[in-house]
Amino acid sequence: MRVIRKDPGQPPELVEMENTLAALQQAVGGYIETVTLSVDTAIICNEEGRLRGLPYNCDFLGISFVGPILVVGIDGDEMCSLDNGDAALILHMLGRAAP
C-alpha cells in the first residue's frame, strides 16, 4: 500500500509497504497505535514511543509524535493506500511538496 512515512529529523516521504500487522509494527518499531485524522485517513505510531524515550518527530494537527509515523488510508475497518489528493495534502501539511 502507498503511505507517507515520517522519521524523526527527516522529511516525509511517500513509500510503498506491505499491508500487514508485522510490516506496520516493524515500520514503527513496536506495537502500533492509530490516531484517526478523518474518515479515510489515520496516523500509525509506536504505542510505547514516549515510555521508551523515542526521539521527537513532529507536531501534526496539534498532536506531538515521537518515533517514526505512517500516514495511511482507511477503508471501513481496513488500512489501505492513501489516495493522491490526501497524500499531496498531508505531504504539504508536513512541510514537503508532493512528488
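Visitor: What does the accessible surface of the protein chain come to, and what percentage of it belongs to carbon and sulfur atoms? After that, please take me through Lys6.

Guide: This is a predicted model. The accessible surface of the protein chain comes to about 5500 Å², and 52% of that belongs to carbon and sulfur atoms. The chain has 99 residues, of which 39% count as buried.

Its secondary structure consists of 2 helices and 8 strands, and along the sequence these follow the pattern β-β-α-β-β-β-β-β-β-α. The radius of gyration is 12 Å, close to the 13 Å that the globule rule gives for 99 residues, so the protein chain is as compact as a globular protein of that length. A box of roughly 35 × 30 × 20 Å, taken along the principal axes, is filled by the C-alpha atoms. Of the contacts between residues at least 6 apart in sequence, 48% join residues at least 24 apart.

Now to Lys6. This residue belongs to strand β1, which covers residues 2-6. Lys6 is buried, yet it has no salt bridge. The nearest side chain of opposite charge is that of Asp7, 7.9 Å away; a salt bridge would need the side-chain nitrogen of Lys within 4 Å of a carboxyl oxygen. A polar atom of the Lys6 side chain does lie 2.7 Å from the backbone oxygen of Gln10.

Other parts of the chain also touch this residue. With neighbours within four places in sequence left aside, Lys6 is in contact with Pro11 and Pro12, with Asn57 and Cys58, and with Gly67, Pro68 and Ile69.

Definitions and conventions: Residues are numbered from 1 along each chain as its sequence is written. This is a predicted model: local features need pLDDT of at least 70, side-chain atom pairs count only at pLDDT 80 or more; totals for chains, interfaces and linings use all residues. Side-chain values use heavy atoms; hydrogens and water are left out. Helices (H or I, at least four residues) and strands (E, at least two) are DSSP runs, numbered from the N terminus. Buried means under 20% relative accessible area, exposed over 50%, partly exposed in between (1.4 Å probe, protein chains only). Lys and Arg count as positive and Asp and Glu as negative; His and the chain ends are not counted. A polar contact is a pair of N or O atoms within 3.5 Å; within protein, one must be able to donate a hydrogen and the other to accept it, and residues adjacent in sequence count only if both atoms are side-chain atoms. Contact means heavy atoms within 4.5 Å. The radius of gyration is taken over C-alpha atoms; the globule rule is 2.2 Å times the number of residues to the power 0.38. Accessible areas come from the Shrake-Rupley method with a 1.4 Å probe; for residues, only the protein chains shown count as cover.
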